[in-house]
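Please consider the following model with attention to its charged side chains.

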Amino acid sequence: MTKRIRLILLTAVLALYSYATAEDGYRLWLRYEPLEDAADYLRQIGDTEAGETNETSALAVEELKLGLDGLLGTSRSSKAPKILLGTPESNKAIAKLDLDLSDLGEEGFWVAAAGTKKKKQIVITANTDQGVLYGVFAFLRHLQTEQDLDGLNLKSTPRIEHRLLNHWDNLTRTVERTMAGASIFNWFDLPYYVEPYYHDYARACASIGINGTVLTNVNSNATILRPQYLEKVAALADTFRPYGIKVYLTARFSAPIEIGGLETADPLEPEVIKWWTDKINEIYEYVPDFGGFLVKANSEGQPGPQSYHRDHADGANLLARALAPHQGIVMWRAFVYEFETQEDRHKQAYTEFTGLDGKFEPNVLIQTKNGAIDFMPREPFHPLFGSTPETPLALELQIAQEYTGGDIHMVYLAPMWKEALSADTYVEGVGSTVAKVIDGSVYGHETSAIAGVANIGNARNWTGHPMAAANWYAFGRLAWDYDLSSEQIADEWTRMTFGNESSTVETIESMLLASYENMVSYSMPLGLHHIMYPGHHYGPGPWHDEGRPDWTSIYYHQANEDGIGFDRTETGSDALSQYAPEIIEQWGSPKTIPEKFLLWFHHVDWDFEMKSGNTLWQEICLTYQEGVDGVSEMIGQWESLEGRIDEQRYARVSALLHRQLQDAKFYKDACLAYFHTFAQRPYPEGVEAPEYDLEHYKSFELYHVPGDPGEQW
Ligand code: GCV
């Protein structure tokens, strides 16, 4: 072998080695790296005594071993307290403890110090094996984040029954509005080849309590319902089942025509009813625990019952009746609006669905986005929440960052979701929060659901941006317990993902927690909304005025020489009247509305005096600038971590933050240059005036933006 070949071989081996050992993000928050205080924990954690009965309990045992071996090393002292793992049925030692598990339900868990002073034990138990698996993840999280074991007592049950990811994944493997690569679902290879990473996906979901997944895009055609595809769905369902994850599909309303050979999809036609009943029975033959359907109907070009002069209740009930014998549910989306109608888009879903309240079958939930327009960086909560006493509402959040910087910007979304969840609808008095509407407690509904539009693709680290995994994590944690704070979730995720070194943790947490407000400030501050670039939605387009009015920007910001903002009070579209009187009173005046929603509900003079004493124009400019400065600060914070973060993640986040800064500046400059044409007032001190004239920003185009549906068909 020549010297040169030896060198090449050596380089290749080294490259392979560094690839294999690199911190590529694949393990997400389940890294189980050795703990600094391992010795201390080892005195308190001994062998595991498990009751093992089925696939799920075997997973719990395996996960616990994997976690403990990673965090503490593989040897355990026989003198240290034993871990008793299992249900009272599967583990006699736990049965002997005679614990009261009556408040844990089907999925709750209890992880606690047990035994006597002399014979200490740790018990991880639940009523079901699924609960035990959740308990294991909770225990490992406790250790991974270096929490104390003294007085260990983690008892938790989920607040919401169905906690789902919604994949906007097409069968072609493109993914709508996600930038993390192609779809993780390799349909062509299924069912013959089940990718090993499907297990890792399910495991990650289970670790944060997600218990369902909708595999297909709400805009998908009906192909998924063909037998050839149902076989593939069954293979995924079999893989996910042991992790407690049910599969759901989207149901294209015109399926009876598209794949059934019928001439109509009219929900009241007997042949259509028969077709769906047969189809649903067939699905259950493939997937006995199939969760049900998610449906986008009569929205953005999708077919639906209104095409046959029927209403949404007729459509949803058609599917619900056929699913009911199998315990399946229908999540019928409230995201419906038409451009033919003159009504403010903000008002349409409320008008539509409050009118149908009481007409839905009990296994129908109306799945409603957090706000009435469309996952804008900041929206007031959707007025439908609390307005359908007879119908359970599911909350739909978007984990994918369609309007919040794609997969390029570091934006931790928990604060946005907390804002929606904790918003008070006042429908049944103070404290009727959106969270309590969706968990069913406000109106006593038994079924409850929450959905997050997934930000996952086949990127090696699942979410593309290393920090975007925090949003997947936060969604799951909030779906389980919406009372967790953004800070706590950020703390857990950071420690699990980057380790427990205190200044690293503090720095990353501070970046995460500032990131949401920064993004709102540099993109759509003070209640501005829907001013993004059309089509791909990445970057600004406040000038956009072509095509469907309700898809333009000018429809929403209404800027003119007098001022800016959408008047949704009595003098305008009156969308505000869809909220409770307490809200109308507070939000009805530009003087009393929280300024973060000002331009959402009011058309305000450029010289309107803000709480800060600035004029509106000055405040807009200063807020945009603050957002940009916030990103610069994040860069400084990140750079302070150089050498303390593995190179691979350090470099990727660094590069992305620099791009984010450039984008933030562009957003600010483009919007200010455009709004300045109306405001015609000087830029206040402290604000960098746009570098170029408006034409420069208007003429800038991005090509082939990932996730843009315009690129996919
Ligand atoms: C899946 C917005 C998005 C669409 C999305 C739609 C929806 O309009 O831009 O990509 O379609 O919302 O939620 O149905």
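Which side chain meets that of R477 in a salt bridge? The partner is E492, at 2.9 Å from N to O, where a salt bridge denotes a side-chain nitrogen of Lys or Arg within 4 Å of a carboxyl oxygen of Asp or Glu. This pair links distant parts of the chain, 15 residues apart: R477 belongs to helix α14 (residues 469-480) and E492 to helix α15 (residues 486-498). Helices (H or I, at least four residues) and strands (E, at least two) are DSSP runs, numbered from the N terminus. R477 counts as buried because its relative accessible area is 8%, and E492 is likewise buried, at 8% relative accessibility. Buried means under 20% relative accessible area, exposed over 50%, and partly exposed in between (1.4 Å probe, protein chains only).

The model is predicted: local features need pLDDT of at least 70 and side-chain atom pairs count only at pLDDT 80 or more, whereas totals for chains, interfaces and linings use all residues. Residues are numbered from 1 along each chain as its sequence is written, and side-chain values use heavy atoms, with hydrogens and water left out.

A second salt bridge joins the side chains of R681 and D607 at 2.8 Å, N to O. R681 lies in the loop between α21 (647-679) and α22 (694-698), and D607 in the loop between β15 (604-605) and α20, so the pair ties together parts that are 74 residues apart in sequence. R681 is partly exposed, with a relative accessible area of 23%; D607 is also partly exposed, at 43%.

Elsewhere, E23, R27, R31 and E33 are linked in a network of salt bridges. E23 counts as buried because its relative accessibility is 13%, while R27, at 34%, counts as partly exposed. Over the whole structure, the search finds 36 salt bridges.

In an unreviewed entry, UniProt lists residues 463-687 as "domain: Glycosyl hydrolase family 67 C-terminal"; such annotations may be inferred rather than shown by experiment. The span is 53% helix and 2% strand, and its end C-alpha atoms lie 34 Å apart.

E626, D629, E633, E688 and E691 form a negative patch, a patch being made of residues with over 30% relative accessible area and no salt bridge, with like charges joined within 9 Å. E633 lies in helix α20 (residues 616-639) and counts as exposed because its relative accessibility is 54%.

Notes: Patch = residues over 30% accessible without salt bridge, like charges linked within 9 Å, V, L, I, M, F, W, Y side chains within 5 Å. Areas by Shrake-Rupley, 256 points an atom, 1.4 Å probe, with all protein chains shown as cover. Lys, Arg positive; Asp, Glu negative; His and termini not counted. Charge placed at Lys NZ, Arg CZ, Asp CG, Glu CD.
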